[in-house]
Amino acid sequence: MNWYDITFYVFAILTVVSAVGVVFSRNIVYAAFSLLFAFFGVAALYVLLSADFLAITQILLYVGGILVLIVFGVMLTTRAQKVEVKRGILSVVPAVLIAGIIAGTLVGVLTTTKWPAANLSPYEETARPIGALLMTNFVLPFELASILLLVALIGAVIIARREKARRA
Amino acid sequence: MHNFITYYIGTGFWGSLVSSILPLVYIMPYALVTMWLELKISAHMQDRLGPMRTGRWHGWAQPLADVTKLLQKEDIIPAAADKVLYLLAPALVFIGSYAAYAAIPFSPAYIGADINLGIFYIVAVSAIVVLGILMAGWSSNNKWSLLGAMRTAAQLVSYEIPSSLAILAVVMVVGSFNLNDVCSAQSGWFWNWFVFGKFPFLFITFIIYFIASLAETNRAPFDIPEAESELVAGYHTEYSGMRFAFFYLAEYANMFVVAAVAAVLFFGGWNSPFGAYLSGPVWGAFWLISKGMVLVFIQIWLRWTLPRFRVDQLMYLSWKILTPFALLNIFAVGLWVVLRG
Amino acid sequence: MSPIDSTLIHLAFAVLLLPLAGFTLLIFFGKRIPRQDLIETGILFVALAISIYIMVQKVFFIAEPRIDFTFRWLDLGALIGHPGFTIDLGIAIDNITAIMLVVVTLISSLVHLFSLAYMEGDVRYSRYYAYLGFFSFSMLGIVLSNNFLMMYAFWELVGISSYLLIGHWYEKKSASDAGKKAFIVNRIGDVGFFIGIMIVFTQLHTFLFSGVFAGIAEGHLSGPLLTAAGILIFCGAVGKSAQFPLHVWLPDAMEGPTPVSALIHAATMVAAGVYLIARVFPMLTADALTVIAYIGAITAFISATIAIAQNDIKKVLAYSTVSQLGYMVMALGVDAYSAGFFHLVTHAAFKAGLFLGSGSVIYAMHHEQDMRQMGGLRKKMPITYWTFVVFSLSISGIPLTSGFLSKDSILGGSLAYGMLTGNYLIPIIGYSVVFLTAMYMFRLIIMTFHGEPRDVHKYEHAKESPKVMTIPLIVLASLSIFVFYSFNPLNPEKGWFLESVTKPESVVPGYQKYSWDFLQVKLVEKHPGETGVTNSGETFVTTNAYQMELERIHYTGLFLSLALALLGIFTAFLIYDWKKIDAEKLKQRVKPIHTFLYNKWYFDELYGATAVAGTLLLSKSFAWFDAHVIDGIVNGAATLIRLWSRLSGSFDHYVVDGLVNFSAWFTGLLGRGLRKVQTGRVQTYIVFALLGVIVIFYVFKQF
Amino acid sequence: MAVHIGLTQFLVVSAILFSLGLYGVITRKNAIMVLMGIELILNAANINFVAFTRYGAMNISGQVVAVFVIILAAAEAAVLLAIVLNIFQQLNTVNVDEVDNLKN
């Protein structure tokens, strides 16, 4: 057990526990803030995988962007006192069963598969190669993603604005 | 050698611990001094004396007294508050501010964590503050707090965009996210600093960044979230005592973060203004802190000079003025960088 | 291709496409653009400038006879038993192309200018200019094409734009009828043209002129088929150039605006037929040429006689045009290639001038076209009058004019031809038409400009036309002077024009050539009078019987034609101006002839009685056949089918419907079961999808 | 534990995260909760991409794909929340099973 392993377990457990908090919490605000720690845990795992750019992107976008949006959404759609979440699309038992089967199958497959030998290289800068790839091999997806973001931006604004759209 | 502590102690547990505590050693006295400065400056700008008695000499012990008072106060938790989040929020806010210190290059010999994506990291962790504020506002179970928190969050998220774009312009010029690289790129006499050396592109960038950073610290004229006439004290209305002190500390810490980032990006960071003269590890720390403090002084100055923005004006400024200008600016800078070669 | 050549090709493309651009602009945005007419006119003048540059470059500075630009348009690959099917298109510039470019753009731009005043205030003003541009585009396309296919396409485009322009005032029934008539009559000729092209293509597998000529030279197409192809292609020219027996459309086409008549029906479109003959000249056999010569001569004579009896100023000019076109065709037929083309160019100038002059008169007379209502306009319209006189002298072939040069060449050629082949009829007709031409032209001048005004009211209002109308007249009048073509007013042989327009080498087999060409080829030499040695070692002196004959009869022919022309003018003055012979009495004395001529030899009536009535009869009989025989078969079939369908109907009702209903019931049963699964909630679907994946995974894990 | 941390451990964390996200998606009625579950699933996928980048034969393009996933997640969250807010204004609920105006 070295420092790396300990760190991994700490953050893996943080991630999983937070995720459990997200899905089992009865209070939607708690769920949202648990999600914060789950994202942190994932960011830490990225760091352990020496994907520093992605780790920071994860924090910036998930925590600073998506999560803020979610919390906003929660706060705008939930009265302060009533935060309990109705559940019951699927009752708990079959849901746990299904999730369990899937988790079991996945873990089983993952642990039994013979993965190719790890070729761990020393840490290298990732921002520059990612940028280079985005502008070369992935330039079409990159442009599409830009357009998608623009469309999402405009679409979100149009969907969310209220009075004027209704009057018109 | 970018971090003398890890250089001597090693990158193990102790080295990391000392490196991560070191900024705290700086923040405490800095905050006290700045609090006193703010009291005095505001007083003199309003043509009065301000604290004069505590500690005899110009009331120098006034902040100490304030802090002592705060620490002694009873820690009140409102009955209707959500206790877990209520307790967690100040810590989260402070963590957000404090984490940024890890990447600030205080001197050529000291940067908490010399990561390649330093400036990107600072932008990212600052975002955590937003969640802390939302958490505080919501958990207080008070409509002023909630409104204040929502306003703050909206403001921070909005101004993050022009400030990030401004930072990106500098990154494009330097070609690196690493703040030490940014400093090194401005070495030499002070006319090599980006704000002067790359005139007018990075001067415009600096203006954009500085305005956005004012908003990000919730300082006047962007202090609408804390507008006492409307919202009592915004998201930390319910807080008192030690926890209030945390918010206070976080705010001052944040002021220095944006000032230090501005100093690094535009004013040469730890570089001496006189080329090789007066440079070195210790002088470096001196220069960075001095530059930071000058910018902090400007923030205070502005706070006591300008009136407060209305909410819609605030959003207007961000989305319709700063962001388009920042985009144009980044385009211009990009073009310039490419054309220059 | 050298740089200057490719520059010229590019410029030629520019000339071709400029009017098209103008057309597109006007037809789509004409209403929204101020002064669209000036745009189109400006475009044409630009095209004119470029054309002049191309011509000067090509004629004077480029030695190679032909600049060719070809590209592969279609490649259908090789077929079984077939070498491959490819179509090449392109453009080419040789001397006659370059000259034609200038002629077309010059006349076109002058007509554009003239129309600024003449068409002012017209309801479809911008459309008129658009069509003019479209016509210019099509005509330039014909001129530039280096292959039959493109030429045919542009040929048809010219037809359609002519149709559009003749019918410009389509509210007038006569105008829209005239448009249709022109279009249909042209179609008849074009069918022949098309068949001719197809003969050539099926035999030689190419549309390119160069390829066709090369193929004929190699002997892949010869004998009667080659003659037939030549005559069929000539059919196209008969239609477009209004040759007998398809000349009937051209006088009717005078219903179009007068500038259009000047552009299309005097100078360019009708010249397209002559140009076509000139283009394919190398592949025409002696037999085909003889046919062409006779058709030309007959046309020239018939229309000249008709022209004498007409009273409408434009009709006179129209028949005069037909007659002159007959001359050109005849010239080509008698092997006087250069003379025919020369006359095409000079005629374009002075005939366009005549039409524009008549337009000027008509404009002044408030759209009165009947010469009997005119008279005495000389004093009112001096510029129109004097330019008109120049044009008339030119068309009559009086020395010092361009018409004299070209016409004299034609007559000389026909005389030489008559002498050499014994076909004396052709020179006789040719010379008699000289007399007729001079007579009807001066009859026109005298009736219009001399004497006393007959319609005093209109005369009072008549005045000289505005500058934009007189300037084109002056330009064209100056172009009707000899110096532009040759510095020798009596013999154009050494002028630049005939120097640059030389008869192309015929490619038809020797035995199908005119005898003098045949001889010449036998002697393998180009310039008569040179000596040389044949391959077998014999010494020889080359001769060209035709050329020598031409030189021998030159002055005879010249004086003969001049005398006849002067006689014609004199006669005209005698009858119409000095009134020594009373026109009315003369008319009474030769009444049957006059009526015959006045009614245009009853061609329209003849066609009405034969072609049109025949067509009607045929269609009536077809209608009877349709009503009685075909309908009977159809009705019988219907009865049968009704019976059959009643049978199949019951089968359908009991068997098929039963099956359908059963399947519907079964599907409904399934659906009622499956509806439980369809909750409308995305989450359930996710669960099913994932469970499905898991099931598939475990199923396939076994293998 | 003698086993050192390797690819499998990361993948197992990812699998657990995925299953938890799935559970969240299928049990919750609140649209925002469903969104959170989806975010967990996307994060799980991203961990896989990055882990394979580090350990597998995949080069840095795995991380590029992860960047795209994050971009899509952001766009998705924005649009979904806009829709949720709109639905909330119209129907006063954010529970997906109550949003059935088109059903009848």
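**Notebook: chains A and D, then chain C**

I began with the contact between two chains: 81 residues come from chain A and 73 residues from chain D. I note that this model is predicted.

Next I looked up the area. Interface size is often stated as accessible area lost when the parts come together. Between chain A and chain D, about 7,000 Å² is buried. Carbon and sulfur atoms give 76% of that area.

Then I checked for charge pairing. I found zero salt bridges between chain A and chain D. For polar contacts, I counted three residue pairs between chain A and chain D, with both residues at pLDDT 80 or more.

Which elements of chain A give two or more residues to the side that touches chain D? I listed α1 (3–24), α2 (28–48), α3 (52–77), α4 (92–112), α5 (127–135) and α6 (139–160) of chain A. α3(A) gives the most, with 13 residues.

The side touching chain D has 62 nonpolar, 13 polar and six charged residues.

I turned to chain C. Its secondary structure comes to 27 helices and four strands. Chain C has 703 residues, and buried ones make up 53% of them.

How much of the contact in chain C joins residues at least 24 apart? I took contacts between residues at least 6 apart in sequence, and 78% of these join residues at least 24 apart.

Last, I looked up the surface. The accessible surface of chain C comes to about 30,600 Å². Carbon and sulfur atoms account for 69% of that surface.

Methods: Residues numbered from 1 in each chain as written. Chains lettered and ligands numbered in written order. Predicted model: local features only at pLDDT ≥ 70, side-chain atom pairs only at ≥ 80, totals over all residues. Heavy atoms only, no water. Contact = heavy atoms within 4.5 Å. Buried area = accessible area lost by both parts, 1.4 Å probe. Salt bridge = Lys/Arg side-chain N within 4 Å of Asp/Glu carboxyl O. Polar contact = N/O pair within 3.5 Å; in protein donor to acceptor, adjacent residues only side chain to side chain. Nonpolar A, V, L, I, M, F, W, Y, C, P; charged D, E, K, R; others polar. Buried < 20%, exposed > 50% of the residue type's maximum accessible area, 1.4 Å probe, protein only. Areas by Shrake-Rupley, 256 points an atom, 1.4 Å probe, with all protein chains shown as cover.
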